[in-house]
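Subject: Structure handover

Hello,

Here is the structure I promised to pass on. Please open it first, then read my notes below.

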Amino acid sequence: MKNSINSVPDDFDISIYDACASWDLKDWVAELSARSFMSYVFAKEREGRLTDELRSSYVEQAELLLQMPLRSLRPLSDIYLSPLMDQSAEEFFRGHRVLSDPRYRAWVQRMEDTEKYGDLVEDGDLEFDEDICRNVHEYLSSPAWKVHRDSLGQVKRFFIGVDLNASDDYLVKQFRSWIAKTRAEANIEPKQWLFSDKRFEKWHKERLLPYLDLTFWAIINRKKIKPADMEESFFEGRYFGVPGEHVTKKVAKEAVKLISDETLYALNVELRTYGCGMPEKS
């Protein structure tokens, strides 16, 4: 049976996070990267698949975060210097292994139908079962990222083929068009970099980092903290309307985004690009 509490734990000190007000890009990247593991734990909790074994492996870490949340500013991990890179041989041959992956079963069936009946369906020589015709058309017209999204539920990298014999201007124009079209189809919002000081200030004022630490501690320890109590602790009596609603409707969503692969990657790329001399930001 789960234990529950109705308030923020006594040893949680929001004043520790006042230091975040003066943080720059490097500080935010370091501390958010150090919390990237939380994304996995939060996802397992939402799915109802966070096992006791997994919880127990994070108990010590959760306690340390509550007591000394800003203790490390640890060195950053290596990342790719550019969002553009060649498809590796390993990635290419990994594609052949999906044939035996049950998550790709529907797309493997589309491939098999296309190999058997593709030419006939395309030529219209024979009438086939509606499912076979649909499978053939989907297989022949779908980009690979849709296959991975349908099968795995996520896409981290999008592969394209490029004819480098085309002119630079034409390639750039086509690539911009492809980015806009693919983002729209994949429901990925356009990215507006650079990360500005104003954005860092907002992250601090919205108490996104303490929300992550306190929520992670509560999940690992099977505790229940009322959003209203969390709100009172974070914002020292500021009034937002319905108690706790600001935390549940805004802070929670924004905080989880900070530790997503997408945000952390973008932050790291920006640091590697401008870390030796950040441009002035408005």
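At roughly what angle do the axes of α10 and α12 cross? They cross at roughly 90 degrees and come within 9 Å. Axes here are lines fitted to C-alpha atoms, for helices over the stretch in contact, with angles running from 0 to 180 degrees between N-to-C directions. α10 and α12 are therefore roughly perpendicular, a label for angles of 65 to 115 degrees.

Before more detail, some ground rules. This is a predicted model, in which local features need pLDDT of at least 70 and side-chain atom pairs count only at pLDDT 80 or more, while totals for chains, interfaces and linings use all residues. Residues are numbered from 1 along each chain as its sequence is written, and side-chain values use heavy atoms, with hydrogens and water left out.

**The α10 and α12 contact**

On the α10 side, Leu 208, Tyr 211 and Leu 212 make the contact. On the α12 side, the residues include Val 247, Val 251 and Glu 254. Contact means heavy atoms within 4.5 Å. By class, the α10 contact with α12 has nine nonpolar, no polar and one charged residues. Nonpolar covers Ala, Val, Leu, Ile, Met, Phe, Trp, Tyr, Cys and Pro; charged covers Asp, Glu, Lys and Arg; the others, Gly among them, are polar.

**The whole protein**

The protein has 13 helices and zero strands. Both are DSSP runs numbered from the N terminus: helices are H or I with at least four residues, strands E with at least two. Of the 282 residues, 33% are buried, meaning under 20% relative accessible area with a 1.4 Å probe, protein chains only. Take contacts between residues at least 6 apart in sequence: 74% of them join residues at least 24 apart.

**Helix α2**

α2 spans residues 37-46. Its buried residues are Phe 37, Met 38, Val 41, Phe 42, Ala 43 and Lys 44. Their cover includes α1 (25-34), α3 (52-67), α10 (208-220) and α12 (245-258). Just after α2, Gly 48 takes a positive phi of about 70 degrees.

**Ile 14**

Ile 14 is found in the segment before α1. Ile 14 counts as buried because its relative accessibility is 11%. Leaving aside neighbours within four places in sequence, Ile 14 is in contact with Arg 207, Pro 210, Ser 233 and Phe 234. Ile 14 and Phe 234 are 220 residues apart along the chain, yet their C-alpha atoms are separated by 6.5 Å.

Best wishes

Note on methods. Buried < 20%, exposed > 50% of the residue type's maximum accessible area, 1.4 Å probe, protein only. Parallel < 35°, antiparallel > 145°, perpendicular 65-115°, else oblique.
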